[in-house]
Amino acid sequence: MVRRVVIALLALTASLLIAPAGTASALPTEAADPVTISGRITAEDFDFETYAESEPYLRVGVLARVDGKWTQVGGTGSAPFVDPELRINPDGSYRVQVPAPHTQVRLTFGQVRCADDSLGMCDLSVRPDTPAADVQSVFWDGTTHGALDVTAAADISVASGSVTDRNITLKRSKKVRATARPRIVGDPSPGQVLTAFPGTYAPAAESLALRWYWSSDVYDLYDVPDGTGRAYRRLTSADLGLRIAVTAEPSVRGWESPVFHSQFVTVKSRSKFAVKAKAGKRKATVTIAIKAPGVTKSRIHGKASIYAKGKRIKTVNVKNGKATIKIAKQKKGKRTYTVRYSGNRVITSSSKSLKIAIR
């Protein structure tokens, strides 16, 4: 996360210092006063100051109509790193800027999902469920408690300048719970398409957002977004070793919901192997040749073990898809042995039985 913050600060510095050639003398000597909306937030059934000063912090979002959709174009929060002049204070007072060219906006109030949300620097890991907000999200509509969705909110015009007294009272939220968690369905191997069982929820979800992620050994601390919707893309050999997960975020009007996380599945090639046995006097030699579609021989490694009546007799290393197992002190007679390959990070395990007539 430190790296991401440094990159963001460098980008901001560059945007302030780098200007087109010949424009330096055109820099304004006097900046216009920013257009702001201010007001006070009060709490009905929780201690406002405690929530304002602890994670996850409270937030105010500025929404504007962009390409026909209500989109957040600005905001502020109660986090300590927010500009003191533009912050939700412990007494509930707030002031938020409205960026140009927007002159008619709507406000939303609530609680961020993590402390860094206002900077867009939330931890990318989605492994644990993201808890539901403790504070109900609402939209300013001129009433005490606000509206529950943006379509019922009231416009705030800043065409004539800053406005004040956009006050709101916040309440504790009701939280959606999962009665069946999301999970991934299908064979996680190249050539296959994974789908999501979206889960079931109480109350029942009015809408549901499904998001897919992958993680690998290289990016183990981060889960990389890779699609939305019920079906994931078709897997390829390039995905071998990736760990895939899906998240589900149900939406119920007037309720806050966690983001529910599925178990990871690892993309692996299906191993197949041929086995031959040469019996001797009280002994046998078993040779194994393993293949896995899309995997080079150098990556086919692991362990191979041989069992009789469920008891492991010997284990050897598999190298370049091959292994030889020599067993001794066997009783005379014909019996069934089972050879098992352990698999590895990119190959599934497998087993095969054969009969060996020990002399």
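This short talk covers the salt bridges of the structure above. What we have is a predicted model, in which local features need pLDDT of at least 70 and side-chain atom pairs count only at pLDDT 80 or more, while totals for chains, interfaces and linings use all residues. Residues are numbered from 1 along each chain as its sequence is written, and side-chain values use heavy atoms, with hydrogens and water left out.

A search of the whole structure finds 10 salt bridges, where a salt bridge is a side-chain nitrogen of Lys or Arg within 4 Å of a carboxyl oxygen of Asp or Glu.

Let me begin with Asp 91 and Arg 40, whose side chains meet in a salt bridge at 3.7 Å, N to O. This pair links distant parts of the chain, since Asp 91 lies in the loop between β3 (69-77) and β4 (93-97) and Arg 40 in strand β1 (residues 36-43), 51 residues apart; strands here are DSSP runs of E, at least two residues, numbered from the N terminus. Asp 91 is partly exposed at 44% relative accessible area, and Arg 40 is also partly exposed, at 38%. For these terms, buried means under 20% relative accessible area, exposed over 50%, and partly exposed in between, with a 1.4 Å probe and protein chains only.

Next, the side chains of Arg 106 and Asp 155 form a salt bridge at 2.7 Å, N to O. Arg 106 is buried, at 11%, whereas Asp 155 is partly exposed, at 36%.

Finally, Asp 239 and Arg 233 meet at 2.8 Å, N to O, with Asp 239 buried at 6% and Arg 233 partly exposed at 32%. Asp 226, Arg 233 and Asp 239 are linked in a network of salt bridges.

Notes: Helix = DSSP H or I, 4+ residues; strand = E, 2+ residues; numbered from the N terminus.
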